[in-house]
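This report describes a structural model in terms of its chain contact, its fold and its salt bridges. The sequence and structure are shown first.

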Amino acid sequence: MIYYIGLVAVALGAWLSIRGTSSLTARISMIGILAGIYYYFIH
Amino acid sequence: MGLFRVIAWLESKRMKYLLILLPLIAIGTGVFLGIGKIDLTNIDYSFEYNSSSSGGMPSPPLSFNVLEQVLKFGPPIVLSFFALMAGGFLAVLAPFRGDREWSEGQFQLLRLSKHSMLSILLVRLTLYVLTFWLFATIILTMGSIAILRVDDDYTMLIKDAYTMFQIGFWTYGPLIMSLGIFIDSIRTAYYMKGSKIVTNIIPILGWLVIGLAISDAFQFVQGKLFDPWLFTAIRDVTLLGDTGIPMFKEPLLLTVLTSFVLCYLGSRILEEVEA
């Protein structure tokens with residue numbers, strides 16, 4: 001269950017990250033950070 | 001050199017509280033280590049052992065020796081440790097700029113001159129690292145002097161500890177500072193649009209994950225990529241030769257490369273935000 005909640009949270013975070021800035025590198029970095037959080041703490 | 005001077009001036013204006021706090025911590029530590037001469041060495045810690053009545057072997061008073069050591073060397077070690085921790089905390093916070101500093105646009109103005117964002121970030125990194133290296137070295141030197149004043153049998157131990165600290169600092173100091181600069185760049189990219197939640201969460205999450213990822217990557221690269229043959233090869237071609245301390249130059253090399261990459265990514269983000 002927590003995996004799915006985590007996935008939804010990461011997807012929401014990714015959406016916010018993409019909307020929040022115009023910089024491509026910042027978007028990629030933020031998605032990387034979110035993916036890292038998912039990998040380290042939820043996966 | 002001109003850029004270095006300009007950024008040093010800008011950073012000293014920006015971090016004036018930090019630059020007041022660091023000497024204050026150093027002076028306070030020095031006062032407590034040097035002037036507060038509570039001589040704990042004259043206290044008699046020896047206890048009477050009544051070994052004849054028990055009839056057994058007299059046990060060595062090991063625990064009292066430990067207590068004596070702790071009382072002798074505790075104050076300088078604890079004081080230096082806390083001073084270094086306080087300095088380290090400030091060091092971690094140093095690269096982060098507030099919204100106001102960005103809107104004042106000092107670094108953007110520099111960018112409009114002939115300098116690239118990458119060179120600006122690299123100069124900032126150098127400044128932070130040098131500032132905190134100076135602070136840490138002063139604290140460590142004062143701690144060492146305080147310990148040597150108590151007992152000068154520990155010269156070699158202190159020399160080793162000193163060397164280990166310097167290696168640790170140069171291995172992880174620039175890395176942590178460049179991480180701060182990188183995360184600050186991401187933060188900058190987000191507060192341009194005023195998204196407060198994302199802006200405030202980024203530093204915490206960023207430190208957590210990037211720190212873990214880099215630590216993992218370090219271990220992986222040291223284990224897999226740099227095999228023993230390469231270690232010796234690198235050591236042979238360096239001019240300084242073998243320092244006697246294994247795994248010294250390779251992590252340093254990794255740190256320099258990683259710091260450069262992080263600064264490059266940070267500068268790319270800032271350039272894209274400006275565009």
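How many salt bridges does the rule find across the interface of chain A and chain B? The rule finds zero salt bridges there, a salt bridge being a side-chain nitrogen of Lys or Arg within 4 Å of a carboxyl oxygen of Asp or Glu.

## Basis of the model

This is a predicted model, in which local features need pLDDT of at least 70 and side-chain atom pairs count only at pLDDT 80 or more, while totals for chains, interfaces and linings use all residues. Residues are numbered from 1 along each chain as its sequence is written, chains are lettered from A and ligands numbered from 1 in the order in which they are written, and side-chain values use heavy atoms, with hydrogens and water left out.

## Interface of chain A and chain B

Chain A contributes 17 residues to the contact and chain B contributes 20 residues, where contact means heavy atoms within 4.5 Å. The buried area is about 1600 Å², with 72% of it from carbon and sulfur atoms; this is the accessible area (1.4 Å probe) that two parts lose on being put together, summed over both. Thr25(A), Ile33(A) and Tyr40(A) supply 34% of the area that chain A buries against chain B, more than any other three residues.

Five residue pairs, both members at pLDDT 80 or more, are in polar contact across the interface. A polar contact is a pair of N or O atoms within 3.5 Å; within protein, one must be able to donate a hydrogen and the other to accept it, and residues adjacent in sequence count only if both atoms are side-chain atoms. On the side of chain A that touches chain B, α1 (2-20) and α2 (24-42) each supply at least two residues. The largest share, 11 residues, comes from α2(A).

## Fold of chain B

Chain B has 11 helices and zero strands; helices (H or I, at least four residues) and strands (E, at least two) are DSSP runs, numbered from the N terminus. Of its 275 residues, 39% count as buried, that is, under 20% relative accessible area, with exposed meaning over 50% and partly exposed in between (1.4 Å probe, protein chains only). Among contacts between residues at least 6 apart in sequence, 82% join residues at least 24 apart.

## Buried residues around Pro95(B)

Pro95(B) is found in the loop between α4 (62-93) and α5 (99-104) of chain B and is buried, with a relative accessible area of 0%. Beyond neighbours within four places in sequence, its contacts include Arg14(B), Arg124(B) and Asp184(B).

Asp184(B) lies in helix α8 (residues 155-191) and is buried at 1% relative accessibility. Ser185(B), also of helix α8, is buried with a relative accessible area of 1%. Residues in contact with Ser185(B) include Leu121(B) and Gly266(B).

## Salt bridges

The whole structure holds three salt bridges over all chains. Arg14(B) and Glu11(B) meet in one (3.1 Å, N to O); both lie in helix α1 (residues 2-14), three residues apart. Glu11(B) also forms a salt bridge with Arg124(B), the closest N and O atoms being 3.2 Å apart. Because Glu11(B) lies in helix α1 and Arg124(B) in helix α7 (residues 117-150), the pair ties together parts that are 113 residues apart in sequence. Both Glu11(B) and Arg124(B) are buried.

Glu272(B) and Arg268(B) form a salt bridge (3.2 Å, N to O) within helix α11 (residues 249-274). Arg268(B) is partly exposed, at 36% relative accessibility. Shared partners join Glu11(B), Arg14(B) and Arg124(B) into one network of salt bridges.
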